[in-house]
Amino acid sequence: MGPQQDRSAAKPYANGSTAAAAAAAGRKENNKVVRYRECQRNHAASIGGHAVDGCREFMASGADGTAAALLCAACGCHRSFHRREVEAAAAECDCSSDTSSGTGRR
């Protein structure tokens, strides 16, 4: 692909979905919410030290589907430097388990 070609154009897959739709589905797959928390980039690695910038949570710099969406608005780092946290959706929680029944193992 040459430098003059538009790479942001939505190209359909064989099943009719687009790359943007596939990327959005990857972030909320199987009713799980993915969040990116504190930045873990070591800014002093080149001098043999360890220093993080203190960014507490990833905030996208741009709209979904753009390159800017992968950069943090707070610290400027790529999303991959932030700790990934996967949470199960509340609908999957089975909070009705009864631990008082006598059928459990001891």
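Which pattern does the protein follow when read along the sequence?

**Figure 1. The whole chain at a glance.** Read along the sequence, this protein follows the pattern α-β-β. The model you are looking at is a predicted one. Its secondary structure amounts to one helix and two strands. Of the 106 residues in the protein, 10% count as buried. The protein exposes about 8300 Å², and carbon and sulfur atoms supply 51% of that area. Among contacts between residues at least 6 apart in sequence, 41% join residues at least 24 apart.

**Figure 2. Helix H1 and strand E1, two ends of the confidence scale.** The average pLDDT of the protein is 75, and 55% of the residues score at least 70. Where is confidence lowest, and where is it highest? Helix H1 (residues 19–27) has the lowest confidence, with a mean of 47, while E1 has the highest, at 92. Within residues 21–26 the pLDDT is below 50, and this stretch has one contact in the model beyond near neighbours in sequence. A friendly word of caution: where pLDDT is low, the predicted coordinates should not be read in detail.

Figure 3. A pair of aromatic rings is described by the distance of the centres and the angle of the planes. For Tyr-36 and Phe-58, the centres are 6.1 Å apart and the planes make an angle of 65°, so the pair is edge-to-face, as the cut-off for that label is over 60 degrees. The count of aromatic pairs here comes to one. Tyr-36 lies in strand E1 (residues 32–39) and Phe-58 in the loop between E1 and strand E2 (82–88), so the pair ties together parts that are 22 residues apart in sequence. Are these two residues buried or exposed? Tyr-36 is buried, at 15% relative accessible area, and Phe-58 is also buried, at 13%.

**Figure 4. Met-59 and its contacts.** Met-59 is found in the loop between E1 and E2. With a relative accessibility of 45%, Met-59 counts as partly exposed. Which residues does Met-59 contact, leaving aside neighbours within four places in sequence? They are Leu-71, Cys-72, Ala-73 and Ala-74. Take Leu-71 as one of them: Met-59 and Leu-71 are twelve residues apart in sequence, and their C-alpha atoms are 7.9 Å apart in space.

**Figure 5. Arg-41 over the ring of Phe-81.** What sits over the ring of Phe-81? The charged end of Arg-41 does, 5.2 Å from the centre of that ring.

Methods:
Residues numbered from 1 in each chain as written. Predicted model: local features only at pLDDT ≥ 70, side-chain atom pairs only at ≥ 80, totals over all residues. Heavy atoms only, no water. Phe/Tyr/Trp six-rings, centres within 6.5 Å; stacked < 30°, edge-to-face > 60°. Helix = DSSP H or I, 4+ residues; strand = E, 2+ residues; numbered from the N terminus. Buried < 20%, exposed > 50% of the residue type's maximum accessible area, 1.4 Å probe, protein only. Lys NZ or Arg CZ within 6 Å of the ring centre and 35° of its normal. pLDDT = per-residue confidence, 0-100. Contact = heavy atoms within 4.5 Å. Areas by Shrake-Rupley, 256 points an atom, 1.4 Å probe, with all protein chains shown as cover.
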